[in-house]
Amino acid sequence: MEASAAVSLRGVSRVYGKGAAAVRAVDGVDLDLPRSGWTAVMGPSGSGKSTLLHLAAGLERADSGRVLLGGTDITHATDQQLTDLRRSRVGFVFQSFNLIGSLTAEQNVALPLRLAGRRPPRSEVRAVLASVGLGDRGGHRPRELSGGQQQRVAIARAMVTRPEVLFADEPTGALDSAAARTVLDLLRAMADAGQSIVMVTHDPGAAARADAVVFLRDGRVVDHLAGAGAREVADRLASWER
Ligand SMILES: Nc1ncnc2c1ncn2[C@@H]1O[C@H](COP(=O)(O)OP(=O)(O)OP(=O)(O)O)[C@@H](O)[C@H]1O
């Protein structure tokens, strides 16, 4: 195991369904996702990207193999341990933001702390919103914010517990290119400040902002690029989509 890894997967498989209908969504993956680094996960549709992200974040259980988060083996964690882990050690951001429409930005960001039984001081919540460039939008509800702003609120909500790893599944998939850039700039700044980030994306331009790109096909890791530009990422992706 890589001691410096944020997440390590060893021989990890996840099978959906049974018998002839079984799909090996993730098939014997060995992978070390580095600490203080931003890793993008790419691959054709159905190659297992989201499943891999869910396994690494403890949102789903592996059928075989081992998953280590920051050195903790979560393979055999109980449901309660996984719930605690999701609340305190990982953050998750989705394509569709998943904010609660009736709550303000501040209330959305405070929610994970409230669920953990804390009553966070407003100053703490405001500081996290300010760190995503939305210090003046705390009282707005999601419908009063642009898509890029909503995703930044979702990132603030994911970061309020100071997770070891931020997982993002297509975080720019629902955004226009200008809004996507603001979100990617934010993720880049967070990674530069030492945050571990794992992001699934279909967009070579987004993947090129990460430090490294892992390519999946048929549930297996088939390729890896570091420090590549968008063109190189796009060419490599195309070669695996053939
Ligand atoms: N809950 C499920 N039940 C059954 N099969 C599933 C389930 N989730 C995923 N699969 C299957 O597992 C495989 C991998 O799915 P996954 O969503 O991880 O791929 P992906 O690379 O993220 O795809 P996309 O880019 O289209 O979002 C696919 O064949 C999918 O149909």
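I'll start with the open sheet: six strands in the order β6-β7-β8-β3-β9-β10, with mixed pairing. This is a predicted model, so please keep that in mind throughout. At the edges of the sheet are β6, residues 90–94, and β10, residues 220–226. Each of those has a single partner strand, so one side of each is left without a neighbour in the sheet. On average, neighbouring strands here are turned by 20° against each other, direction ignored.

Helix α8, residues 230–241, packs on this sheet. The helix touches β3 (38–42), β9 (212–217) and β10, and its direction makes about 165° with that of β10.

Strands β7, residues 165–169, and β8, residues 196–200, run parallel and are joined by five bridges. If you want a place to look, find Val165, which stands opposite Ser196 in β8.

Now to β1 and β2. Strand β1 covers residues 5–16, and its pairing with β2 is antiparallel, over eight bridges. Tyr16 has Val23 in β2 as its bridge partner. The hairpin of these two strands has six residues between them, and in it Gly17 takes a positive phi near 80°.

Those residues come up again at the ligand. What surrounds the ligand? The shell consists of Tyr16, Gly17, Val23, Ala25, Gly43, Ser45, Gly46, Ser47, Gly48, Lys49, Ser50 and Thr51. Two elements give two or more residues to this shell, β2 (23–34) and α1 (49–56). Of the elements, α1 gives the most, with three residues. Sorted by class, the shell has eight polar residues, three nonpolar and one charged.

Last, the chain as a whole. The protein chain has eight helices and ten strands. Its radius of gyration is 18 Å, close to the 18 Å that the globule rule gives for 242 residues, so the chain is as compact as a globular protein of that length. Along the principal axes, the C-alpha atoms fill a box of roughly 50 × 45 × 35 Å. Buried residues account for 43% of the 242. Finally, take the contacts between residues at least 6 apart in sequence: 67% of them join residues at least 24 apart.

That's what I have.

Technical notes. Residues are numbered from 1 along each chain as its sequence is written. This is a predicted model: local features need pLDDT of at least 70, side-chain atom pairs count only at pLDDT 80 or more; totals for chains, interfaces and linings use all residues. Helices (H or I, at least four residues) and strands (E, at least two) are DSSP runs, numbered from the N terminus. The radius of gyration is taken over C-alpha atoms; the globule rule is 2.2 Å times the number of residues to the power 0.38. A residue is buried if 20 or more other C-beta atoms lie within 10 Å of its own, exposed if 12 or fewer, and partly exposed in between; C-beta atoms are placed from the backbone. Two residues are in contact if their C-beta atoms, placed from the backbone, lie within 7 Å. A residue is near a molecule or strand if its C-beta atom, placed from the backbone, lies within 6 Å of it. Ala, Val, Leu, Ile, Met, Phe, Trp, Tyr, Cys and Pro count as nonpolar, Asp, Glu, Lys and Arg as charged, and the others, Gly among them, as polar. Two strands pair if DSSP finds at least two bridges between them. Axes are lines fitted to C-alpha atoms, for helices over the stretch in contact, and angles run from 0 to 180 degrees between N-to-C directions.
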